[in-house]
Every structure is written in C-alpha cells, then in structure tokens.
Amino acid sequence: TPEPTPEPTGVPTMLPTTSAPTPMPSFYPTPHVIGDDSGRVTTPYDPMDHCPAPAPRTCLTSLKQSDLWDQQTSTDARTCESGSTHVYSEDPISGTILQACTARAHGAMATSCADVRFHDLSVDYHNGADMLYFTTAHSIRRAWIHNTSQSDVDDLISGFQTVHVKGFNFGSSIEEVSYLTIKGQKCTSLVYYNSTDIACVIGDPDLLSAPINGYCVAVGTKAGAYHGNTSRVMAVARKATGYKKPIIYDVVVEDTGFMPNAIVSDGVGDRLYWSNSASKTIQSSTLNGSNLHEVVSGVPQVLGLALHSEGYLYFTEAAGGTVSRVVVASGGLGAGKAYGSVEVVIRGLAEPRGLAIDEAISMLFITEAGTGEILSVPIDSLGGAVAASAGSVATRLLQVMSKAQLAGIALLKTTTNVRKNAVDMAKRLIWTESNTDRVRRATVHGTRIADMASVPRHGSKKGTLQWPRAVVVDDEREVVYVAEYLGRVWEFSTRNKTHARLVVDNTGYAAALKIRSTLDKDRDSGFLRIH
C-alpha cells in the first residue's frame, strides 16, 4: 500500500548548498551587438549617446502668442484712421507687442523667439570689464562695449530651470557630493535636499537649447559615480543589496518661465541681479552666468533695481506701488539680517518704475509712470517698523509733459569741484521718455531741465532715437548707454555734443521693422503715442 503523505514540518525547504543565488539584474544596459564583414563587434554603452545635442542658438525659445488679441501678420500692421491715437504696448502674458488705433481695437503683432525687445540694461566697468548686460523678452544678453560687431553680442542666460535628480546614495550632506554634471557641464548651482534628492539650477543657452533627460546627468560622490539613469524598481533592488555608489532613477526639469525685466550688475561682488516677471521673482547669478539662485519670490512686477554698496538691493513693485529692499550682502547696512530678508520701505506710489541711488548724498530717486513725476527720498528716512508713505518722505522734483512716459533713470557721480555746503547745480540726473523719444537731464533738485545734447533728434543724419526704455551711466568714460525697446543700444557722451554711437542693433525682426517704419512716417502727425 502507498505510504501516507507526511505532514508538513514547518521547516522551510533548504536548497542544496551547491546552488548559487539567482544573480540580481544589472542596471547597466546590455551592450549593443552589431555585425559587419569582419564579424560581430561589441559596442560600449555611452549614456551621452541618448542625450540630445545642443540645438542651433539662433532661436532658443518659443514664445506663446496671447489669445486675448487679434493675430496680425508679421509684415502688416493695423492702419489707423487720420487723427486717431496710434498706441503700441506690451502684452504682459506673452511679451508680444500690441497695436491699437482706438481703445477697443487691439491687435497682437506676430512674434517669434528671434524677436529682441530690450527692457533694461546695466554696465560693468569694474577692473576694465567693459561689459553691457541687457534683458530681452526671453534672455539676458551681454556685449563688449568697445566692439560693435554683432557676433560679440550673445545670450548669457536663456532660462532659469531646476533639474531635479532622484535616486539613492547621494551622501549625507552637500559636501559629500563631488559633482553633478548636466550634459557634461559641472553644476555650479547645486542644491542638496537629502541623500535621495539633489538639484541643479541652470540657465546656460547650450544646456537649455535641447531637452534634458536622464541620460544627460551624471553624479559623483566619495563612494563612486553614476552616469545615466535606471528604473525605480531596479534602483530600489540595487539599494537593497547594500550598494553604496550613487544611483539615479529619475530626472525632472522644473521650468517656471523666463521673462527678465529689470537688471543691475555688481562688478565688485561679481553678481548679476534681475527680475523675472514670468516666475514673479528676483534672481541672481555671477557675471559669467553661473551659480544661479533665487533671491526674492512673490514680486510680480519689478521694473526697477538699484544696488547700494552697503549690501541692500532696492526694487520697485509697480503693481503694489511700493519700493522694497532685500539683503544681498552680510555686512554693511544689512548686517545681522539674513540673506534675502525683504522689507517694504515706501508705499503709496503710482506705478513706480526706474530707480537710482546717489550714495554721496544718501538719496533714492524714483520715476512714477502713473503721474509722470520724478521723486527723491532720503535713504536715512527709510527702514522703520512700518513702511513710509510716499507723501510723507518723498520730494516731487519734476513732472514731465502728459504725452511723455517715464521709464529709466540714472545718476552721474558728484563732480569733485563742488564746494562744501554749496548747492550742487550739475545736471547729474538723467532719464528717458518713451513717447517723446528724448533723453533729458536736470540737477538732483529737479532744476535746469534740458535735453541731452548728444542725443540725435528725429530726422538728423546720425539716426533717430526711437522708444528709449532704459539708461545707465559709465562715469569713467563720461557717457550714458540708452536701450531702445525695439532692440538697439546707443552710447551718448555727457560732455561732447557730437558723440553718438550705435553699440548694438538687433532690430532685424519683422515687428521692429514695421514699427520703426510707422514711427518714421507718423511722428510728425502729432497723433502717435507709445506706451
């Protein structure tokens, strides 16, 4: 008779001692095997083969066309009736140029990523740098002052994106991360969250010109290095075996948009600061575009920046009608306050735009687009527990004509021949007027108002200044640089009445050519108005 089936003992069945454990699958892809006339050849695997190569830098960004307005063609513009007001403005959503003949008929001129519209500029002449930085609708550009060749004007920063790298074994602190590279470039803005999450903030045009995936990333720690990525399941399994080297299983790119507006440079501190209206922040980098980080968030319409040498960055917020300051240096006036600490110092302004600081007399100068006035505020009166009211601390120096719209403002240094306790009557205060196409100057008291003599007037043989937006001073050369909204930068002498030089000309796109043609034809009619 057959023997009964034995009862289970509860003891697990043991494998023979000679059997080897099932090997863990490797997270390295199997090398490709190809064949030719000479036989089968094994090709080594290189993750960078799967990382998109940089695209041509002629057109890096695609601007979304606003759907709030009628689309017009790139070669046409609306024809306004005789006697009507011809208005150009900028759509804050897409950055494109809007055209209108009446309050109700608006049209958006066709735009592309090749369009250049200058919002602000800054000059760095510290230690002979001789560099201009200017913001466009989608990038920060730079140009060497002494070289007018357009090949020497390039995109320095074309975005502000955060590449999040997820995985294991990234170390217990940022000091244990030897490097993080994106497309072979070492990250200069490394952010460490924990041993499973690190990030890199990038803005380099070459890095952003093509998509970034897991094959574009490599990380190294004291325990080893890893290039490419694997699945999360494979990474967890590898981690469970006690693997100590870094492993990457996911790469996520976070992009909150990039529409830089106001900008200021700090040659001594090797920093750039700019406002980004797309992300509603103020951001910063070194002068060569590396080491990017966010300084202030939640500021939707910053149109003016001014840096105080004692560690404060002042900025206007047009939507809120305020002037604030943020600590950007550990010493000086901001001593004892954390980097990035913000305080509102002036409230009750009507669309404040440009800012300028005269440290010699401790005075802040502000342009108000809402009233067409220029104000001065003693810096020593700011910084109380409650923000000061503009009506109580500001002196209204002057008001421009109703047609003009104030934009940029700058200051020449105090002349050395001013006697002690004497009234400074030098015309050091300089500003731009968009609608009248003028650069004007006055004393810091708002007197002796005059046009800058070296600026060419409409119809002159030297050319015409059109739609001036920003102005910055180079005291060493006794010149000012003026940026036109449509894409040109001029150099004008503050002493020589005949010195006017076109430094940058990026007006070759369709919308600019059409607007410039319209300005030339309609300027004398008296009906043209530009916002």
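## A buried arginine and its partner

Let's start with Arg-325, which counts as buried because its relative accessibility is 7%, below the 20% limit used for that label. Keep in mind as you look around that this model is predicted.

Arg-325 has a charged partner: the residue forms a salt bridge with Glu-343, and the closest N and O atoms are 2.8 Å apart. Arg-325 belongs to strand S25 (residues 322-327) and Glu-343 to strand S26 (residues 342-347), so this pair ties together parts that are 18 residues apart in sequence. Glu-343 is buried too, with a relative accessible area of 18%. Glu-343 also meets the side chain of Lys-337 in a salt bridge, at 3.4 Å from N to O. Lys-337 is partly exposed, with a relative accessible area of 39%.

Now find Arg-396, which forms a salt bridge with Glu-368; here the closest N and O atoms are 2.8 Å apart. Arg-396 lies in strand S31 (residues 395-399), while Glu-368 lies in strand S28 (residues 363-368), so the pair ties together parts that are 28 residues apart in sequence.

How many salt bridges does a search of the whole structure find? The search finds 18. Salt bridges can also join up into a network, and one such network links Glu-433, Arg-438, Arg-440 and Asp-451.

## A threonine in a loop

Next, look at Thr-136, in the loop between strand S8 (131-135) and strand S9 (140-144). Is Thr-136 buried or exposed? Thr-136 counts as buried, because its relative accessibility is 1%.

The side chain of Thr-136 reaches the backbone nitrogen of His-138 at 3.1 Å. Leaving aside residues up to four places away in sequence, Thr-136 touches Val-116, Arg-117, Phe-118, His-119, Arg-141 and Pro-260.

## A sheet of four strands

Finally, trace the open sheet that four strands form in the order S13-S12-S16-S17, with antiparallel pairing. Strand S13 (185-186) and strand S17 (224-227) stand at the edges; each has a single partner strand, so one side of each is left without a neighbour in the sheet.

You can follow one of these pairings yourself. Strand S12 (residues 177-182) pairs with S13 in the antiparallel sense over two bridges. Start at Thr-181 and look across to S13, where its bridge partner is Lys-186.

Methods. Residues are numbered from 1 along each chain as its sequence is written. This is a predicted model: local features need pLDDT of at least 70, side-chain atom pairs count only at pLDDT 80 or more; totals for chains, interfaces and linings use all residues. Side-chain values use heavy atoms; hydrogens and water are left out. Two strands pair if DSSP finds at least two bridges between them. Buried means under 20% relative accessible area, exposed over 50%, partly exposed in between (1.4 Å probe, protein chains only). A polar contact is a pair of N or O atoms within 3.5 Å; within protein, one must be able to donate a hydrogen and the other to accept it, and residues adjacent in sequence count only if both atoms are side-chain atoms. Contact means heavy atoms within 4.5 Å. A salt bridge is a side-chain nitrogen of Lys or Arg within 4 Å of a carboxyl oxygen of Asp or Glu.
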